[in-house]
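Open the model in your viewer and keep the sequence beside it. The tour below goes from one selection to the next and says what is there.

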Amino acid sequence: MTPVTDLGADIDPARFRTVLGHFCTGVAVVTGHDGTAPVGFACQSFAALSLDPPLVLFCPAKTSRTWAVLAESGRFAVNVLAEDQQEVSAAFGARGVDKFASVDWTPAPSGSPLLTGALTWIDCALEAVHEAGDHYVVVGRVTALGDPSDDRPLLFHRGRYTVTEPVTDALAALMPWPRPDDWL
C-alpha cells in the first residue's frame with residue numbers, strides 16, 4: 001500500500017493535540033540501563049499489542065536521547081504508575097535532571113529499573129522499531145511480568161493528571177457469562 005502524503009497536511013498541530021487530549025491514557029515510565037547508569041522517560045503512548053506472542057508497544061519521539069540508549073541496549077521495562085506517583089511522572093518527563101535521584105528501584109531480570117510503588121511492570125526485549133512521523137513505534141517482546149497491584153492507576157486527560165473512580169459494573173448485567181479481567 002502506498003501512503004497518501006497530502007492527507008492531514010491542513011491539520012493544525014495545536015488542535016490535533018487538544019482533540020487527542022480527550023482520550024484518557026495511563027502513565028508509564030519506560031526504563032533501561034546503558035551499562036553504567038539507569039535511564040528512563042515518562043510515556044503515555046503505551047499499549048498491549050499481542051497475546052501470542054506477548055508483545056507491547058510504546059512510541060518515543062525521534063529526538064529522545066533516552067530512546068537512543070534503550071535502542072542500543074535492546075532491553076527495557078515499562079513501569080505502570082500508580083495514582084500517587086505524579087511526582088515520579090513529572091521527574092521522568094523533565095529533561096536534564098537526575099531522574100533516579102528521587103525514586104527507589106530494583107533491577108528487573110533484564111537489569112532495567114523497576115520503580116518502587118509502580119502498579120506493575122513489564123520487562124521486554126526489543127522486537128521491532130517502525131518509523132511513524134516524528135516518533136517511532138517500538139515493539140517489545142515481553143520476557144517477564146510483575147505482580148499487579150489493586151491500587152488505582154495514574155491517568156492523563158485533557159492536559160492534566162486524573163484518577164479513576166469506582167463505578168457500578170453495568171457491563172456485568174449486560175454480559176452475564178464469565179469474562180476475562182481484560183479485553184486484550
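Start by selecting Arg141, which counts as partly exposed at 33% relative accessibility. This is a predicted model. Arg141 belongs to strand 10 and Glu127 to strand 9, so the pair ties together parts 14 residues apart in sequence. Glu127 is also partly exposed, with a relative accessible area of 40%.

How many salt bridges does a search of the whole structure find? The search finds 3. For another one, select Glu131 and Lys62, where the closest N and O atoms are 3.0 Å apart. This pair links distant parts of the chain, since Glu131 is in strand 9 and Lys62 is in the loop between strand 5 and helix 2, 69 residues apart. Is Glu131 buried or exposed? Glu131 counts as exposed, at 63% relative accessibility. Lys62, at 31%, counts as partly exposed.

Now select Glu83 and Arg152, which form a salt bridge with 3.1 Å between the closest N and O atoms. Glu83 lies in the loop between strand 6 and helix 3 (86-93), and Arg152 in the loop between strand 10 and strand 11 (154-157), so the pair ties together parts that are 69 residues apart in sequence. Both ends are partly exposed: Glu83 has a relative accessible area of 29%, and Arg152 one of 25%.

Go back to Lys62 and show Tyr136 with it. Lys62 lies over the face of Tyr136, 5.6 Å from the ring centre. Tyr136 in turn belongs to an aromatic cluster, together with Phe41, Phe58, Trp67 and Phe76.

A search of the whole structure finds 6 aromatic pairs. One of them is Phe58 with Phe76, an edge-to-face pair with 5.0 Å from centre to centre and 75° between the planes. Phe58 lies in strand 5 (residues 55-58) and Phe76 in strand 6 (residues 75-80), so this pair ties together parts 18 residues apart in sequence. Phe58 and Phe76 are both buried.

For another pair, select Phe100 and Trp105. Their ring centres are 6.0 Å apart and their planes stand at 65°, so the pair is edge-to-face. Phe100 is buried, with a relative accessible area of 10%, whereas Trp105 is partly exposed at 30%.

Next, the nonpolar cores. In soluble globular proteins, nonpolar side chains tend to be buried together. Which residues have the most contacts inside the largest nonpolar core? They are Val30, Phe58, Leu70 and Phe76, in a core of 16 residues. To see where this core comes from, colour strand 2 (28-33), strand 3 (38-43), strand 5, helix 2 (65-73), strand 6, strand 9 (120-132) and strand 10 (135-145): each supplies at least two of its residues.

Then centre the view on Phe76. Leaving aside neighbours within four places in sequence, the residues in contact with Phe76 include Val30, Phe58, Leu70, Ile122, Leu126 and Val138. Thr31, Ser112, Asp123 and Gly140 are also among the contacts of Phe76.

Last, select Val88, Ala91, Phe92 and Phe100. They are among the 10 residues of another core, which lies apart from the largest one.

Technical notes:
Residues numbered from 1 in each chain as written. Predicted model: local features only at pLDDT ≥ 70, side-chain atom pairs only at ≥ 80, totals over all residues. Heavy atoms only, no water. Phe/Tyr/Trp six-rings, centres within 6.5 Å; stacked < 30°, edge-to-face > 60°. Helix = DSSP H or I, 4+ residues; strand = E, 2+ residues; numbered from the N terminus. Buried < 20%, exposed > 50% of the residue type's maximum accessible area, 1.4 Å probe, protein only. Lys NZ or Arg CZ within 6 Å of the ring centre and 35° of its normal. Core = buried A, V, L, I, M, F, W, Y, C linked by side-chain atoms within 4.5 Å. Contact = heavy atoms within 4.5 Å. Salt bridge = Lys/Arg side-chain N within 4 Å of Asp/Glu carboxyl O.
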